[in-house]
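Please read them alongside the sequence and the coordinates.

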Amino acid sequence: MNGIKFLLDTNFVLGLLKATPEVVEKVSQMDILASSCGYSSVTRMELLGYPNITSHEERLIADRLSKFTYLPVTILSKRFSSPLLTPNSTGPPCYGAGLWN
């Protein structure tokens with residue numbers, strides 16, 4: 001699936017947008033590139049379907065999501081076996097991070 005290694009959940013994407021300490025630390029500890037991340041239609045719906053979202057916030061979210069691979073639920077249910085990346089998930093300590101590029 002195009003090198004997708006991580007499925008980002010809604011809270012992780014929000015953490016990227018807000019630069020929360022947990023997410024920033026995880027990004028700095030793991031070798032995660034934007035090209036190795038995907039997000040589901042559920043995550044997109046949760047992020048963009050917030051009732052009081054502003055047009056500015058919508059643009060910021062859409063811009064961030066454009067750096068990752070969109071994975072429809074049908075693909076997730078049939079073929080995705082990569083770990084779900086949440087703010088509290090663990091992984092091997094690595095150097096570098098490309099999510100901010």
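**Notes on the predicted model**

1. Leaving aside neighbours within four places in sequence, T43 is in contact with L8, D9, T10 and V13. The model is a predicted one. T43 itself sits in helix α3, which spans residues 41-48. Its relative accessibility is 5%, and the cut-off for a buried residue is under 20%, so T43 counts as buried.

2. On the pairing of α1 and α2: helix α1 covers residues 10-18 and helix α2 covers residues 21-29. Their axes come within 8 Å and cross at roughly 95°. Angles of 65 to 115 degrees count as roughly perpendicular, and α1 and α2 are therefore roughly perpendicular to each other.

3. Which residues form the contact between these two helices? From α1 the residues are F12, G15 and L16, and they meet V23, K26 and V27 of α2. By class, the contact of α1 with α2 holds 4 nonpolar residues, 1 polar and 1 charged.

4. For the chain as a whole, the secondary structure amounts to 5 helices and 6 strands. Read from the N terminus, the order of elements is β-α-α-β-β-α-α-β-α-β-β.

5. On contacts along the sequence: of those in the chain between residues at least 6 apart, 89% join residues at least 24 apart.

6. On burial and surface: the chain has 101 residues, of which 36% are buried. Its accessible surface comes to about 6,100 Å², and carbon and sulfur atoms account for 54% of that area.

How values were computed
Residues numbered from 1 in each chain as written. Predicted model: local features only at pLDDT ≥ 70, side-chain atom pairs only at ≥ 80, totals over all residues. Heavy atoms only, no water. Helix = DSSP H or I, 4+ residues; strand = E, 2+ residues; numbered from the N terminus. Buried < 20%, exposed > 50% of the residue type's maximum accessible area, 1.4 Å probe, protein only. Contact = heavy atoms within 4.5 Å. Areas by Shrake-Rupley, 256 points an atom, 1.4 Å probe, with all protein chains shown as cover. Axes fitted to C-alpha atoms, helices over the stretch in contact; angles between N-to-C directions. Parallel < 35°, antiparallel > 145°, perpendicular 65-115°, else oblique. Nonpolar A, V, L, I, M, F, W, Y, C, P; charged D, E, K, R; others polar.
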